[in-house]
Amino acid sequence: MEFPITNPVLFIAVLVAIALFVPMIFDRLRLPGMVGLILIAVVLGPFGIGMLDRNVLIEFLGQAGLLFIVFVAGLEIDLGRFVKYRHHSIVFGSISFLIPQILGTLVGVYFLGFSWPSAILLGSMFGSHTLLAYPVASRLGITKLTSVTTSVGGTIITDTAALMVLAVIANSTGGTNEAAFWIRFALLFVLFLVLVFKVLPPLTSWFYRTVPDEGARDFMFTILMLFLFAFLAEFAGLQPIIGAFFCGIALNRLIPERSPLMNRVQFVGRTLLVPIFLISVGMLVDPRALISDPYTIRIIAAMSVTVVVTKWLAAFISGKALRYSWTDCWVLFGMSVNQAAATLAAVIVGYEIGLFDTAVVNGAIVMILITSLIGPSATAHWGIRLAESGKSRRAHLGESPQRILITIANPATVEPLMDLALLIRDPNSREPIFPLAIVSERADVDSKLVEAEKLLARASIRGTSADAPVYPVTRIDVNIAEGIRRTLVEQQITTVVIGWNGRVSLARRIFGNVVDQLLAQSRQSIVVARLTRPLNTVNRVILAVPRAAEHEVSFADSVHLIKVLCNQLATPLLVLSPSEDSETLQTITRKTRPSVKIEFKTISRLRDLPEVLDETLESDDLVVLMSARHHRLSWTPSLETLPRKIAESHPKQAFLVVYPAEDIDRRPTDDPEPIAIGSLDDAYDEDEHRLIARERIALNVEDIGMREVLCDLLNADFGDDPTLRDRLAAGLFHSAYEYPVEIRKGIFILHVHDAAVLEPQIYFATSANGIRLPNSSDRARIMIALISPESATPAQHLRALNRVARQLHSSERVDKLLAAKKISQAWQELKGLNETES
């Protein structure tokens with residue numbers, strides 16, 4: 001066989017074989033696969049055995065691979081964290097450019113004897129860096145971590161600065177009028193930024209919304225935009241890689257990380273184009289010229305040592321300035337030491353205008369090879385440690401693996417519901433998604449089974465295209481809701497995604513018979529979705545939270561689910577809540593991972609949400625209502641009508657209703673033992689339990705705020721557990737806001753259920769001037785707080801309230817209580833609550 005290979009079919013076959021087998025071999029050697037691709041290209045390339053020639057095909061595909069690397073880097077960057085830590089990228093980018101630029105220039109002038117223009121251009125080569133190690137970070141799952149986000153963001157600064165130095169040097173050497181050059185460059189650069197950030201996102205969003213998604217169309221349009229804007233960047237005087245990177249950032253929120261479209265982009269890039277780019281880099285190295293000329297060896301040594309040392313200094317100086325760990329600093333070094341695109345551009349231009357000779361070109365190639373070995377190796381070695389530490393930090397989110405089930409019934413909602421499940425799926429979950437189709441026994445079972453299998457096949461294809469495992473389930477049952485409930489138990493499901501068409505008949509309570517039954521019969525987190533537009537076109541998520549929801553057991557888990565969705569969509573989160581305990585709500589919401597941009601806004605009442613949305617809502621918003629099951633702390637009757645009201649007032653609006661999971665350990669068993677609350681005769685033996693005690697009485701309290709008064713009262717029993725005390729106070733405050741019981745003028749009973757209380761107990765307070773009720777001008781001169789066990793039935797709880805009301809029915813007793821100056825005087829009137837009645 002003659003070398004180089006000229007047969008195009010065989011040539012492509014050899015390239016594919018190299019891209020397939022070499023990374024596999026180097027993975028077994030515990031070395032990055034990209035290092036193997038570069039080394040094998042040196043051996044097989046034109047300066048090795050000559051088996052492969054660096055022809056037009058290699059150059060074209062290699063350029064495309066480089067563009068894919070930086071484009072995917074722009075798509076995968078966590079924009080929320082980038083904005084949050086933008087000063088990190090500015091600090092790192094500035095240091096990572098200035099230190100190599102300054103030291104590299106001095107090395108060029110005083111060690112290599114270069115002229116100042118040549119030395120400045122040489123320093124700019126060291127200042128830039130290319131994200132060759134980004135695929136390694138992506139494979140390790142650390143692209144969302146701060147150090148990696150910082151290195152990616154720093155690329156914008158280093159490469160832009162390096163290419164501007166190149167433009168200035170080339171312009172000054174060519175003798176072009178500097179003012180005219182800068183005016184033209186500035187105008188074209190501004191025009192390019194307007195096109196990429198103001199025109200491209202709405203154009204792409206319009207295409208995704210209006211053109212039917214048949215898989216290839218979205219992908220082809222995305223690739224078209226990638227190469228178009230890479231060309232426009234070059235036309236504006238920038239390098240194409242800057243255009244590709246900006247294009248990725250502009251399309252970031254429109255292509256979620258775990259979406260079929262992202263999987264297609266990554267598949268084409270990682271399996272074909274990026275390996276060919278690495279092969280093309282290896283083909284540039286001439287190993288014989290590297291050892292035959294002392295001057296070349298001197299330049300190679302100076303360039304290689306300078307870039308490694310200066311990038312190491314920049315990474316550790318900026319890392320310590322930003323208070324990163326040593327592991328983060330090493331990852332920062334591994335991500336930023338790689339030289340390729342901007343370096344090749346600078347050395348080729350410098351060679352063409354006479355500032356560099358062939359020795360510098362060879363030195364640059366060797367420097368690229370050396371950094372291509374060091375960067376991915378350092379990123380792989382230290383990135384594994386970073387990934388392991390990240391997993392340990394995430395362990396607190398819960399030991400139970402997330403398992404998402406999607407109910408499939410409507411052919412029009414199969415793909416949208418699967419997309420939603422993919423977006424809320426925890427990034428570290430290895431559990432499959434469970435699409436479920438229920439066939440009723442009352443229907444034509446055989447034909448319905450065929451239809452169900454078709455729907456499940458579509459769901460499976462959608463999940464597989466996003467590289468997510470799918471486990472389809474078919475079930476035959478008389479009752480649809482019961483069939484879903486049984487599947488939840490059998491498959492240990494944690495989250496249910498179910499569609500809703502927005503219509504409610506008079507026979508239905510909230511959503512419809514199936515959903516309402518499922519809410520009543522299950523304990524898992526349930527997401528009811530009304531999707532009227534592609535989720536990747538959402539620009540903001542509006543979360544409406546009911547009062548006291550922050551005190552629910554699973555509130556943080558529901559916030560985590562919603563923030564994962566925001567993180568995947570790269571959208572900010574606006575939280576609307578009437579909660580008086582805004583500090584607790586904001587603290588939990590902000591501390592729950594992942595990190596997204598959050599804004600809080602207080603509204604007067606949740607029942608007014610449709611009117612609030614009229615003023616706040618924009619066309620590309622997604623509304624999420626956090627609801628609650630019946631008898632939960634945050635439940636109110638308005639939660640049952642809000643979904644219908646939103647659907648009627650905003651018929652084209654996409655929205656979700658999220659029901660937090662219930663704490664299984666705190667719920668009663670299927671057959672709970674009755675608790676003797678009804679007559680209160682046997683349950684309140686004074687030696688064992690007292691409904692009211694002296695320490696639970698407070699007289700003539702000041703109106704310091706109802707919540708504060710309640711906390712002071714609850715300190716008698718819960719002072720050593722502030723969290724529980726505050727939760728109970730919040731529940732009682734919620735009762736005063738939503739459904740206070742006024743048994744007589746100025747006498748109010750507040751009541752709540754809670755799992756932490758095993759027996760009913762009463763707290764009593766009087767106030768001469770009255771305690772102002774929330775959202776009301778009424779004042780409570782006598783306030784009674786009743787806390788009952790969560791397992792108490794409504795009838796038992798109402799009988800307890802009736803017992804308290806009868807004790808305070810007497811006007812004479814009320815007057816004595818209001819006039820009491822000592823606890824003992826009030827105790828004489830109230831201790832009858834503890835006595836057995838005949």
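Thr310 touches Ile99, Pro100 and Leu103, leaving aside residues up to four places away in sequence. The model is predicted. Thr310 belongs to helix H14, and an aromatic cluster includes Trp312 and Phe316. Salt bridges number 16 in the structure.

**Thr310 and its surroundings**
- Thr310 is buried, because its relative accessibility is 2% and the cut-off for buried is under 20%.
- The Thr310 side chain comes to 3.3 Å from the backbone oxygen of Val307.

**Helix H14**
- Helix H14 covers residues 294-321, a run of 28 residues.
- From first C-alpha to last, H14 reaches 40 Å, close to the expected 40 Å at 1.5 Å a residue.
- Arg323 follows H14 and has a positive phi, near 65°.

**Aromatic rings and charges over them**
- The count of aromatic pairs is twelve.
- Ring pairs join Trp312, Phe316, Trp326, Trp330, Phe333 and Trp382 in a cluster.
- Lys320 lies over the face of Trp326, 4.3 Å from the ring centre.
- Arg385 places its charged end over the ring of Trp382, at 4.6 Å from the centre.

- Glu482 and Arg486 form a salt bridge through their side chains, with an N to O distance of 3.2 Å.
- The two residues sit four apart in helix H20 (residues 480-490), so about one helical turn separates Glu482 from Arg486.
- In an α-helix there are 3.6 residues a turn, so residues three or four places apart point the same way.
- Glu482 is buried, at 18% relative accessible area.
- Arg486 is partly exposed, at 36%.
- A network of salt bridges links Glu482, Arg485 and Arg486.

- Lys816 and Glu812 meet through their side chains in a salt bridge of 3.5 Å, N to O.
- Both residues lie in helix H29 (residues 811-819), four residues apart, or about one turn of the helix.
- Lys816 is partly exposed, with a relative accessibility of 42%.
- Glu812 is exposed, because its relative accessible area is 53% and the cut-off for exposed is over 50%.

**Salt bridge between Asp608 and Arg605**
- The side chains of Asp608 and Arg605 form a salt bridge at 3.3 Å, N to O.
- Arg605 counts as partly exposed, at 29% relative accessibility.

How values were computed: Residues numbered from 1 in each chain as written. Predicted model: local features only at pLDDT ≥ 70, side-chain atom pairs only at ≥ 80, totals over all residues. Heavy atoms only, no water. Expected span 1.5 Å × (residues − 1). Phe/Tyr/Trp six-rings, centres within 6.5 Å; stacked < 30°, edge-to-face > 60°. Lys NZ or Arg CZ within 6 Å of the ring centre and 35° of its normal. Buried < 20%, exposed > 50% of the residue type's maximum accessible area, 1.4 Å probe, protein only. Polar contact = N/O pair within 3.5 Å; in protein donor to acceptor, adjacent residues only side chain to side chain. Contact = heavy atoms within 4.5 Å. Salt bridge = Lys/Arg side-chain N within 4 Å of Asp/Glu carboxyl O.
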